[in-house]
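Here is a protein model to look through.

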Amino acid sequence: MAVPIPNLTALSSTTVKSAVIFTTPPNYAARLSDLLALKGHNPLWCPTITTSPTPQSLIPHLSPPSFSHFSAVAFPSRASIASFSLAAASLPKPLLPSHGPTFTLAALGKDSELIDTPFISQICSNSQRIKLLVPPIATPNSLALSLGEGYGRKVLCPVPKVVGLNEPPVVPNFLDDLKSSGWFPVRIDAYETRWLGPDCAMAVVKKGEEKGGEVYAAIVFTSSGEVEGFLKSLKEFGWDWVTVRRRWPGLVVAAHGPVTAAGAERLGVDVDVVSSDFGSFQGVVDALDVRLRALGHE
């Protein structure tokens with residue numbers, strides 16, 4: 001059974017003191033909410049983007065003999081793995097013959113847990129042919145570097161199509177890094193990242209305009225798309241990031257890893273806490289908890 005996630009409009013003023021806003025899309029929300037709650041914080045969900053798989057775009061590339069032309073798949077997110085799995089489920093399996101050169105599946109941090117035995121069995125009946133590669137640093141750049149020299153080989157890259165927002169430089173830079181290492185990256189828009197619209201930050205604005213309203217301790221961003229979606233919605237109400245800082249001067253801004261932090265800073269959002277361990281959300285929650293407790297929040 002799904003556990004309801006508190007949002008900004010569902011909590012009374014007696015429960016939102018020292019609350020932590022987070023802006024993740026629905027597929028990540030329960031996990032981050034649980035981690036914040038386990039630390040004793042009040043997680044308040046204010047999603048600004050959503051992700052949805054588009055597996056149909058992958059099917060032509062996974063169908064034989066097309067898939068055999070690839071030497072690797074580089075998954076930059078959980079959503080890309082999920083979309084790949086949905087596409088594979090509609091095709092005859094396994095996708096690859098049991099004999100042939102090593103085929104690499106590359107994924108980041110905790111995302112790699114999705115590439116389990118059932119997942120691999122969809123790809124090849126001979127698990128010895130499949131190599132799972134998880135870089136020590138969970139960034140797209142590290143993912144590209146960990147694949148080593150490509151020597152002109154093809155790598156399938158299931159990445160997001162961004163709708164309603166500007167595409168951040170993360171994916172183009174990732175593809176450029178692969179090219180620089182001699183790979184031939186094939187970009188497939190395997191899922192959509194879509195802005196949730198002009199009202200997505202409305203609850204934050206409404207509470208900010210209330211006299212004697214709630215004091216938010218922190219806000220957590222896990223992607224630069226979330227940041228842009230939040231700012232774009234604020235603008236609809238005549239707010240900007242300066243307004244947020246003025247309304248809640250003690251607000252701690254936490255970013256899930258350096259890529260998110262760099263994206264936030266590029267958009268004009270100053271970041272106070274960056275997780276050094278960003279293979280999972282546990283890192284940013286731990287780092288934020290240390291900062292909040294140092295500031296006297298319980």
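Predicted model: local features only at pLDDT ≥ 70, side-chain atom pairs only at ≥ 80, totals over all residues.

Residues are numbered from 1 along each chain as its sequence is written, and side-chain values use heavy atoms, with hydrogens and water left out. A search of the whole structure finds two cavities of 30 Å³ or more. Ten aromatic pairs are counted.

**Cavities**

- A cavity is a set of points on a 1 Å grid over the protein atoms alone where a 1.4 Å probe fits but cannot get out; lining residues have an atom within 4 Å of a point.
- A volume is the space filled by probe spheres set on the points, with grid points joined across faces, edges and corners.
- The largest cavity holds about 860 Å³ of space.
- Its lining has 38 residues, and Tyr-28, Pro-76, Ser-77, Thr-222 and Ser-223 lie nearest the centre of the largest cavity.
- Among the elements that give two or more residues to this lining are helix H1 (26–38), helix H3 (78–89), strand S7 (154–163) and strand S8 (184–195).
- Helices (H or I, at least four residues) and strands (E, at least two) are DSSP runs, numbered from the N terminus.
- By class, the lining of the largest cavity divides into 18 nonpolar, 14 polar and six charged residues.
- Here Ala, Val, Leu, Ile, Met, Phe, Trp, Tyr, Cys and Pro count as nonpolar, Asp, Glu, Lys and Arg as charged, and the others, Gly among them, as polar.
- The second largest cavity has a volume of about 30 Å³.
- Its lining consists of Ile-21, Val-204, Tyr-216, Ile-219, Phe-230, Val-244, Trp-248 and Leu-251.
- That lining has eight nonpolar, no polar and no charged residues.

**Strands**

- Two strands pair if DSSP finds at least two bridges between them.
- An open sheet of five strands runs in the order S2-S1-S9-S10-S11, with parallel pairing.
- Strand S2 (42–45) and strand S11 (273–274) are its edge strands, and each pairs on one side only.
- Strand S1 (residues 19–22) and strand S9 (residues 216–221) run parallel, joined by four bridges.
- Within that pairing, Ile-21 has Ile-219 of S9 as its bridge partner; Ile-21 and Ile-219 also line the second largest cavity.
- Strand S4 (residues 70–74) runs parallel to S7, with three bridges between them.
- Val-73 stands opposite Leu-156 in S7.
- S7 is also joined to S8 by ten bridges, and these two run parallel.
- Val-155 has Pro-185 in S8 as its bridge partner.

**Phe-84 and the aromatic rings**

- Phe-84 sits in helix H3.
- Phe-84 has a relative accessible area of 1%, so it is buried; buried means under 20% relative accessible area, exposed over 50%, and partly exposed in between (1.4 Å probe, protein chains only).
- Beyond its neighbours within four places in sequence, Phe-84 is in contact with residues including Leu-58, Phe-67, Val-73 and Leu-156; contact means heavy atoms within 4.5 Å.
- Rings of Phe, Tyr and Trp (its six-membered ring) pair if their centres lie within 6.5 Å; planes under 30 degrees apart count as stacked, over 60 as edge-to-face and the rest as tilted.
- Phe-67 and Phe-84 form a tilted pair, because their ring centres are 6.0 Å apart and their planes are at 55 degrees.
- Phe-67 has 0% relative accessibility, so it counts as buried.
- Tyr-216 and Trp-248 also form a tilted pair, 5.0 Å centre to centre with 55 degrees between the planes.
- This pair ties together parts 32 residues apart, because Tyr-216 lies in strand S9 and Trp-248 in the loop between helix H9 (241–247) and strand S10 (252–255).
- Tyr-216 and Trp-248 are both buried.
- One aromatic cluster is formed by Phe-67, Phe-70, Phe-75, Phe-84, Phe-103 and Phe-119.

**Backbone**

- Most residues other than glycine have a negative phi, and most peptide bonds are trans.
- The bond from Pro-64 to Pro-65 is cis, with omega near 5 degrees.
- The bond from Lys-93 to Pro-94 is cis, with omega near 0 degrees.
- Tyr-151 has a positive phi, near 55 degrees.
- Tyr-151 counts as exposed, at 70% relative accessibility.

Terms used:
1 Å grid on protein atoms, 1.4 Å probe; cavity = no way out; pocket = protein on both sides within 12 Å on 5 of 7 lines; lining within 4 Å.
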